Structure formats: structure tokens, C-alpha cells
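The following questions and answers concern selected local features of a predicted model. Please consult the sequence and the structure shown here.

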Amino acid sequence: MNIEALVQAFRVAAEDTVQPYFVEDEQAVEYLNEAENEAALRMRLLHESSDADVCEIDVAAGTAVYALHASLFELTHTAFRLDGATERTPVTLVSTDWLDQKLPCWRDEQDTPRYAVQLETSIRLVPKPNAAGTLLLEGYRLPLVPMEDGTAHDSPEIHPAHHRYLVEWALYRAYSVPDTEVQDVDRAAAALERFTRYFGERPDANLRRITREDVTHHNVSHLI
């Protein structure tokens, strides 16, 4: 389904098919873009391993902290490759608490990175790199470009099998807006329940932090 079809499906479900609409097209598109982001996050639907803009970060000697691509939210592989080298060195994701316990002087060391700490929007290499190279990443991400009617990005990136369920989030958002003719707390709750039943619960910040700092798990497979 493209964005036009999704908006139409939303209008039918919301019984908002006659102009002037209670929910304008622009607002409906915003809700549906939110829906795809939520779906990708909850179900880990989009895994990236080949887009250099997302998966490769130029590393400079002496610099430890680098911004992650805005779409990445969970890393499944991290490695470092020195400039001129053909092989990568695995980098294990750990927490600062783990580093403090196992490598008390980690903040002052410079060498080929063997560990990394993933923060919300950045990643910190440990030891601090002593030579230039490339940080190589793979992981789950959000859609790269919002849907927009009449453009090359007018359809969801997620699999078509999931498209129709995005409407439930749009209904939830529309029914939740206070002081409008379309507000309906019960219908909002029902739509959110249907969306959650299909895509799962949203992982909270603590769960995401604990997951990416699970050292034992990383040592086995480099997943977070």
C-alpha cells in the first residue's frame, strides 16, 4: 500500500470520508509515518548491513566518541578496520560499569578498539583509537525517509504484509487529540490495543539500555 491508499484506509476506518475532514491529509500522513516508526522499533522490522551512510563511520586517531546514524537504535554487529587493512577486528559492546570493573584505566588507553559503549545517539570506542580506520556497524533501524504522497518515498519500507496494521496507530492518534470532534478515548484505546497486539509492546529505555549492556550475550554473538 502506498501512502494514498493508507490515508484512504484510515478515512474509512475513522468514518472521516467527507470533506471538510476532521483529520487533514497532512496530519493523517504524519500519524502513518509515526506508525511505521513504532512498528519498526517494536518488531525490529528493518535491519541494515549494507548502507555505508548508516553502517560505516570514519574513525580518527585520538577520537573516541562518534555520532550514530539517527535511524539506528539497536546494534547487532560492531567491528573496527584499520585504514589499509582488509580484515576487521571485532568490537564488543559493554557498559561503563563493566569497563570500570575489568579495565580500570580504560579512559586513558590508546590502542586498536576492542570494546564500545553505545549511548542513545553516539558510540564510544575503547581503547581510544591510536590510528585511523572505519567503524563497521550492522543493526536495526527506523525508516530512513518519511512517506510523502507523490514522491519516490510514498510507501512504507516495512514489508507489505504489515501495512494495513499501521492504520491502527493513526486511529489511536486521531482519537486521542483532546478537544476535537473526533476525540474518543475508548476507540483510541481499542486501536492502540490492536496495534500493540500485532506489533508488540514498545521497549522502554531501561530495557534497551540493559539489552545493549548484556556483556555475556555480546561475548557469544555480538548482539545487543
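Q: In the hairpin of β4 and β5, which residue takes a positive phi near 90 degrees?
A: The hairpin of β4 and β5 has six residues between its strands. These strands, β4 (residues 72-82) and β5 (residues 89-90), pair in the antiparallel sense over two bridges. The residue with a positive phi near 90 degrees in this hairpin is G84.

Q: Which residue in β5 is the bridge partner of F80?
A: β4 and β5 are joined in the antiparallel sense by two bridges. For F80, the bridge partner in β5 is T89.

Q: How many of the 11 residues of strand β4 are buried?
A: Strand β4 covers residues 72-82 and is largely enclosed by the rest of the structure. This description holds because the buried residues among its 11 number nine.

Q: Which residue in β11 is the bridge partner of L72?
A: β4 also runs antiparallel to β11, with nine bridges joining the two. Strand β11 spans residues 133-141. Within β11, L72 has as its bridge partner R141.

Q: Is R141 buried or exposed?
A: R141 belongs to strand β11. Its relative accessible area is 7%, and the cut-off for burial is under 20%. R141 is therefore buried.

Q: With the side chain of which residue does the side chain of R141 make a polar contact?
A: Apart from neighbours within four places in sequence, R141 is in contact with several residues, including A40, L46, E48, S71 and F73. The polar contact of its side chain, at 2.8 Å, is with the side chain of E157.

Technical notes:
Residues are numbered from 1 along each chain as its sequence is written. This is a predicted model: local features need pLDDT of at least 70, side-chain atom pairs count only at pLDDT 80 or more; totals for chains, interfaces and linings use all residues. Side-chain values use heavy atoms; hydrogens and water are left out. Helices (H or I, at least four residues) and strands (E, at least two) are DSSP runs, numbered from the N terminus. Buried means under 20% relative accessible area, exposed over 50%, partly exposed in between (1.4 Å probe, protein chains only). A polar contact is a pair of N or O atoms within 3.5 Å; within protein, one must be able to donate a hydrogen and the other to accept it, and residues adjacent in sequence count only if both atoms are side-chain atoms. Contact means heavy atoms within 4.5 Å. Two strands pair if DSSP finds at least two bridges between them.
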